[in-house]
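Open the model in your viewer and keep the selection panel at hand. The stops below say what to select next and what is there.

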Amino acid sequence: MVSQHLQENLCRLWQRIERSCQRVGRQLQEVKLLAASKSRTPQEVEELRKLGQRLFGENRVQEAKAKIPLCSSDLEWHMIGHLQRNKVRHAVQIFDMVHSVDSVALAEELNRQSLLQGKHLRVLVQVNVSGESTKHGLTPESARALLERSNEWKHLEFCGLMTMAPYCEDPERARPWFRMLRQLRDTWQKELGLLLPELSMGMSGDLEPAVEEGATIVRVGTALFGPRVHADTDVGNNF
Ligand SMILES: *Cc1c(COP(=O)(O)O)cnc(C)c1O
């Protein structure tokens, strides 16, 4: 049985994404919807799968390690939370992409484990564009420095950038941060000669400005599943 509210939420989300695309002349196919499934059950994941959703994101390796084997094997799983170096081995085993590369040491460890496991891992560099101290992610300067070295890590494919805007009631306040991420991407592509097609930005509350500013992956939890029950799985507290 497919739950009614998931179906309605999914439908409403795609309408929001579509309207944002229309406002700026983008194609709907340019945007991927990632279901942020932290604190959600495998049953909820499977219900979304029945509705066509294939891309899911988790914040904690432990939780993902328990959950992913209980779900259908045709799903794509991305790590979107802060990744500790001692969890990298498991992360490389279970994830198709890591959005949260936020240090040279983490890139080196991800590359080392990918080599050991004979894997090719897609990654994004997490940039803290707002400078908010509660957010993970590199300063723009450090992110650029990391990308300059990205060729050293042969088992990683650097696909783009990720950011989280500071929380605000008014989603328009997030727009400048999304625009900044896209501009950094455009600049670095040119200056460093890299291909960085992916911009992972925008969540339940601010996906419109994100899509309008060029997001290719929006990460949505509450607008899809409803409010989270556990306070400790809130955004930003995922250590
Ligand atoms: C939980 C989470 C999201 C989704 O947040 P919602 O506000 O529930 O849509 C997006 N990105 C990250 C990194 C998250 O941890």
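**Stop 1: a pocket**

The lining of the second largest pocket consists of nine nonpolar, two polar and four charged residues. Here Ala, Val, Leu, Ile, Met, Phe, Trp, Tyr, Cys and Pro count as nonpolar, Asp, Glu, Lys and Arg as charged, and the others, Gly among them, as polar. This is a predicted model, in which local features need pLDDT of at least 70, side-chain atom pairs count only at pLDDT 80 or more, and totals for chains, interfaces and linings use all residues. Residues are numbered from 1 along each chain as its sequence is written, and side-chain values use heavy atoms, without hydrogens and water.

Select strand 6 (residues 156–162), which gives the largest share of this lining, four residues. Strands are DSSP runs of E, at least two residues, and helices runs of H or I, at least four, numbered from the N terminus.

**Stop 2: S200**

Next, select S200 in strand 7 (residues 198–200). S200 counts as buried because its relative accessibility is 0%; the cut-off for buried is under 20% relative accessible area (1.4 Å probe, protein chains only). Show contacts (heavy atoms within 4.5 Å): leaving aside residues up to four places away in sequence, S200 touches H99, L124, L161, M162, T163, I217 and R219.

**Stop 3: helix 2**

Now select helix 2 (residues 42–50) and colour its buried residues, P42, V45, E46, E47 and L48. Their packing partners include helix 1 (4–24), strand 1 (32–36) and helix 9 (222–225). Finish at G52, which follows helix 2 and has a positive phi, near 105°.

How values were computed: Buried < 20%, exposed > 50% of the residue type's maximum accessible area, 1.4 Å probe, protein only.
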